[in-house]
Amino acid sequence: MESKTNSMGRIHLFEFEDQKWLPKFIRNYMTDFLQFLSNKTGMYKGIVPIIEKGLKESNTNRIVDLGSGGGGGLIWLNNELRRNNPGLKILLTDYFPNISAFQYTQKQADNFKFISVPIDARNVPRKLSGLRTQFLSLHHFKPKDAQQILQNAVDSNSAIAIFEAQERSLPSIIAMIFSPISVLLTTPFIRPFKIGRIIFIYFIPIVPLLVLWDGVVSSLRTYSVDEMNGLIASLNNKESFNWEVGKVKSGPGKILYLLGTRK
């Protein structure tokens with residue numbers, strides 16, 4: 001476990017992706033890009049053992065993914081996880097469901113399902129049992145709400161695994177500054193193809209600019225290892241869970257993670 005504190009304080013600026021007024025199709029183009037990047041770069045390679053540990057310790061073969069966006073890197077992760085867990089089931093959920101991306105993800109493997117209505121990570125229906133996961137989404141929540149996500153998992157006796165691929169550091173922020181270039185280079189390969197995506201990336205470049213802003217803000221919002229431990233420390237009945245927080249080398253960078261499983 002790493003306990004080094006980031007030198008920069010956490011800054012909770014606004015992200016366009018969080019705004020209800022943002023047109024749904026623009027938000028979907030942004031999450032489509034994140035999904036493509038996650039699946040093609042192998043950025044989650046190092047966290048496979050962590051997810052397998054969460055599944056094993058919670059005695060489940062189902063992942064309930066919260067804040068799925070466009071599906072994240074779950075297509076790639078699913079292929080890896082099914083090697084040791086062929087009966088794995090993955091349920092995609094989000095407060096702003098990207099239905100077309102969910103449908104595309106579902107077509108890639110027969111063990112994907114999704115919920116088309118909004119699911120709040122702070123108050124997950126108890127019937128959605130399984131290992132809860134969050135990829136690149138905890139930073140969207142202020143401390144009170146982030147704590148509520150963890151408290152809801154504890155109160156529901158649900159294991160939870162949280163992963164962030166960026167951190168509050170200068171190298172991470174610099175990488176985000178170059179993200180519009182990645183958007184421009186990868187867009188022709190993103191599926192399903194949409195003419196609107198081409199228009200709002202190349203001709204009216206709204207999406208690259210929003211990805212740039214949200215990427216930098218995501219780094220500034222990301223909880224450090226110490227801060228995630230602080231969220232755990234304030235939970236009621238936290239002693240009923242085993243907690244593990246740290247960083248792991250994964251693909252081209254490092255992943256911050258939090259794993260909580262019922263004792």
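## Briefing on a predicted protein model

N157 lies in the loop between helix 5 and strand 5; helices (H or I, at least four residues) and strands (E, at least two) are DSSP runs, numbered from the N terminus. The structure is a predicted model, in which local features need pLDDT of at least 70 and side-chain atom pairs count only at pLDDT 80 or more, whereas totals for chains, interfaces and linings use all residues. Residues are numbered from 1 along each chain as its sequence is written, and side-chain values use heavy atoms, with hydrogens and water left out.

**Loop residues and backbone geometry**

- N157 has a positive phi of about 55°, although it is not a glycine.
- N157 counts as partly exposed because its relative accessibility is 45%; buried means under 20% relative accessible area, exposed over 50%, and partly exposed in between (1.4 Å probe, protein chains only).
- S156 is also found in the loop between helix 5 and strand 5, and it counts as buried, at 14% relative accessibility.
- S156 touches R126 and R132, residues up to four places away in sequence not being counted; a contact means heavy atoms within 4.5 Å.
- The C-alpha atoms of S156 and N237 are separated by 11 Å, and the two residues are 81 residues apart along the chain.
- N59, in the loop between helix 2 (48-57) and strand 1, has a positive phi of about 50° although it is not a glycine.
- At 72% relative accessibility, N59 counts as exposed.
- The peptide bond from R191 to P192 is cis, with omega near 0°, and P192 lies in the loop between helix 7 and helix 8.

**Nonpolar cores**

- The largest nonpolar core has 27 residues, and those with the most contacts inside it are L128, L138, L150, I160, M228 and L258. A nonpolar core is a set of buried Ala, Val, Leu, Ile, Met, Phe, Trp, Tyr and Cys residues joined through side-chain atoms within 4.5 Å.
- At least two residues of this core come from each of strand 1 (62-66), helix 5 (143-155), strand 5 (160-164), helix 10 (225-233), strand 6 (241-250) and strand 7 (253-262).
- Helix 5 supplies the largest share of this core, five residues.
- L138 touches A146, I149, I162, E164, Y223 and M228, not counting residues up to four places away in sequence.
- A second, separate core of 26 residues includes L81, L88, F102 and F112.

- Helix 8 spans residues 195-203, and G196, R197, I198, F200 and I201 are buried in it.
- The cover over the buried residues of helix 8 includes helix 1, helix 7 (179-186) and helix 9 (206-221).

**Aromatic pairs**

- The structure holds ten aromatic pairs. Rings of Phe, Tyr and Trp (its six-membered ring) pair if their centres lie within 6.5 Å; planes under 30 degrees apart count as stacked, over 60 as edge-to-face and the rest as tilted.
- The rings of F25 and F200 form a tilted pair, because their centres are 5.3 Å apart and their planes lie at 55°.
- This pair links distant parts of the chain, with F25 in helix 1 and F200 in helix 8, 175 residues apart.
- F25 counts as partly exposed, at 35% relative accessibility.
- The rings of F102 and F114 have their centres 5.7 Å apart and their planes at 50°, so this pair is tilted.
- F102 lies in helix 4 and F114 in strand 3 (residues 112-114), so the pair ties together parts that are twelve residues apart in sequence.
- F102 counts as buried, at 0% relative accessibility, whereas F114 is partly exposed, with a relative accessible area of 23%.
- Ring pairs also link F14, F16, W21 and W213 into a cluster.

**The second largest pocket**

- The second largest pocket has a volume of about 170 Å³. On a 1 Å grid over the protein atoms alone, a pocket is an open set of points where a 1.4 Å probe fits, with protein on both sides within 12 Å along at least five of seven lines; lining residues have an atom within 4 Å of a point. Grid points are joined across faces, edges and corners, and a volume is the space filled by probe spheres set on the points.
- The residues lining this pocket include Q35, F36, W76, Y104 and R191.
- Helix 1 (24-41), helix 3 (74-81) and helix 4 (99-108) each supply at least two residues of the lining, and helix 1 gives the most, with four residues.
- The lining divides into six nonpolar, three polar and two charged residues. Ala, Val, Leu, Ile, Met, Phe, Trp, Tyr, Cys and Pro count as nonpolar, Asp, Glu, Lys and Arg as charged, and the others, Gly among them, as polar.
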